[in-house]
Amino acid sequence: MDTVTITDNRTGKSIECPIKQGTHGPDVIDCQTLYKELGMFTFDPAFVTTASCESKITFIDGDKGILLYRGYPIEQLAENSNYLEVCYLLLYGELPTTTEMEGFTDNINRHTILNEGLLRFYNGFRHNAHPMSILVGVVGALSSYYYDAMDINDPEHRNRSALRLIAKMPTIAANSHNYLIGHPYVYPRNDVGYVENLMQMMFSMPNRPYEINEVAVKALEIMMILHAEHEQNASTSTVRLAGSSQAHPFSCVAGGIATLWGPAHGGANEAVIRMLQEIGDVKNIPKYIERFKDKNDPTRLMGFGHRVYKNYDPRAKIIRNSCHDLLNALGTADQPLFEIAMELERIALEDDYFIERKLYPNVDFYSGIILSALDIPLNMFTVLFAVARSVGWVSQWMEMMNEENLRIGRPRQLYIGASQRDYVSMKQR
Ligand code: CMC
């Protein structure tokens, strides 16, 4: 067995930590005995070098720009698959046969509708709420409907929860939008595909059915495949950590949605469009580039940079091409925001600041332009990311719950506060 020796140079005491190897990626040092043997913790704020679990779902090579779902390259899945098939793959590890896919689709369709009681929750939200806040609330509330019926230790129950979540997310998301714009609740349709159904719930009215636009559906399908899963990012780690306490899966996912909302994570797609709108014209780009580089200015180039990718995010490449195809097909190829984005990317990729720090466009740099072209309102961008990512969250949750020795997650800390001291009464302070 290969090991790493860790020596406390103050005492000379050493331990041998086993080196573990995965299928791909850097080896890891198994330091689980560190505290027991040396009385020390590792210190790794933001978990920059910590592998928190073993997983068979997704592999990322950030230096080479590779992303695999269950071993399949993201490029091949985006080209040949569809979102629901990718859901099956992520959940169960293999591509489905025709019969398996029919059974899976049927199962999803069975769960698309929401309990009518849940619909009343919407009315309690403020008229101008951000739909992500509605999503957090309504998905959290889902756990109240399936609490008694759910045995967290039964794999069949866990699977049913996963199907329910994937099936209901489009209904919840689309109707957050309908509530905010004062439109009536639209019921799901099981006679159309998953993505078509999402669009018809967002865009149809009782007096005006949504006409399915194949080009739009294809673009959204690709976007959803690219956003379906991304290993141990902040929102997925939140879901896993919450799930490790054996909490209800819908509550865990509500935590994941809350985490995704932030602009450093899924909220970036919305932030990119706001940034492009603020730049307004290609001639203003140089001025903004200076701001993005200025350490005294908190403004960052949104949609650029990634904790793991130190190369072009493979999803950004696909989405950039898809953006081109969509705008051409819709006859809006001269979309000003797309022009600004492409020029911004060109300038940033030639700038030493971005080159030295290996900052490349990430998945969110172009996804907002696609969503805008599909007439999806800006505040719904991160919501659609959440719909797509729900399969990633539940796949990771199911994998964790299937572990033989599941233990509650509990990071440690380096305490730097006051030493023990005695209470002083208010009069004497
Ligand atoms: N614009 C300008 N400078 C940047 C940017 C950026 N977008 N991203 C990183 N940097 C700089 C940062 O200032 C630091 O510089 P220095 O070494 O001189 O202090 C260096 O690059 C390393 O940055 P970091 O913040 O330590 O990197 P991180 O791994 O902690 O953060 C990130 C990754 C994605 C949060 C960050 O790159 C960022 O804020 N990007 C913009 C927001 C964004 O697009 N988020 C979407 C991520 S992809 C989708 C998702 O995860 O949901």
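A crossing of two helices is called right-handed if the near helix is turned clockwise from the far one by less than a right angle. The legends below describe close-up views of a predicted model.

**View A. Helix α13 packs against helix α15 in a right-handed crossing.** Helix α13, which covers residues 285-293, and helix α15, which covers residues 336-349, pack at an angle of about 55°, and their axes are 11 Å apart. That angle makes α13 oblique to α15. On the α13 side the contact is made by Ile 285, Ile 289 and Phe 292, while α15 contributes Ile 340, Glu 343, Leu 344, Ile 347 and Ala 348. Sorted by class, the residues of this contact are seven nonpolar and one charged, with no polar residue among them.

**View B. Helix α7 meets helix α11, and the crossing is right-handed.** The axes of α7 (residues 155-180) and α11 (residues 249-260) come within 10 Å and cross at roughly 45°. The two helices, α7 and α11, are therefore oblique to each other. From α7, the residues that make the contact are Ser 161, Arg 164, Leu 165 and Met 169, and from α11 they are Pro 249, Phe 250, Val 253 and Ile 257. The contact of α7 with α11 comprises six nonpolar residues, one polar residue and one charged residue.

**View C. Helices α3 and α4 pack with their axes 10 Å apart.** Helix α3 spans residues 83-92 and helix α4 spans residues 98-110, and the angle at which they pack is about 100°. Because angles of 65 to 115 degrees count as roughly perpendicular, α3 and α4 are described as roughly perpendicular to each other. In the contact, Leu 84, Glu 85, Cys 87, Tyr 88, Leu 91 and Tyr 92 of α3 meet Glu 100, Met 101, Phe 104, Thr 105 and Ile 108 of α4. These residues divide into eight nonpolar, one polar and two charged.

View D. Gly 303 places a backbone N or O atom 2.8 Å from an oxygen atom of the ligand, and a backbone N or O atom of Phe 304 lies 2.9 Å from a nitrogen atom of the ligand. For Tyr 353, it is a polar side-chain atom that lies 2.8 Å from a nitrogen atom of the ligand.

Notes: Residues numbered from 1 in each chain as written. Predicted model: local features only at pLDDT ≥ 70, side-chain atom pairs only at ≥ 80, totals over all residues. Heavy atoms only, no water. Axes fitted to C-alpha atoms, helices over the stretch in contact; angles between N-to-C directions. Helix = DSSP H or I, 4+ residues; strand = E, 2+ residues; numbered from the N terminus. Parallel < 35°, antiparallel > 145°, perpendicular 65-115°, else oblique. Contact = heavy atoms within 4.5 Å. Nonpolar A, V, L, I, M, F, W, Y, C, P; charged D, E, K, R; others polar. Polar contact = N/O pair within 3.5 Å; in protein donor to acceptor, adjacent residues only side chain to side chain.
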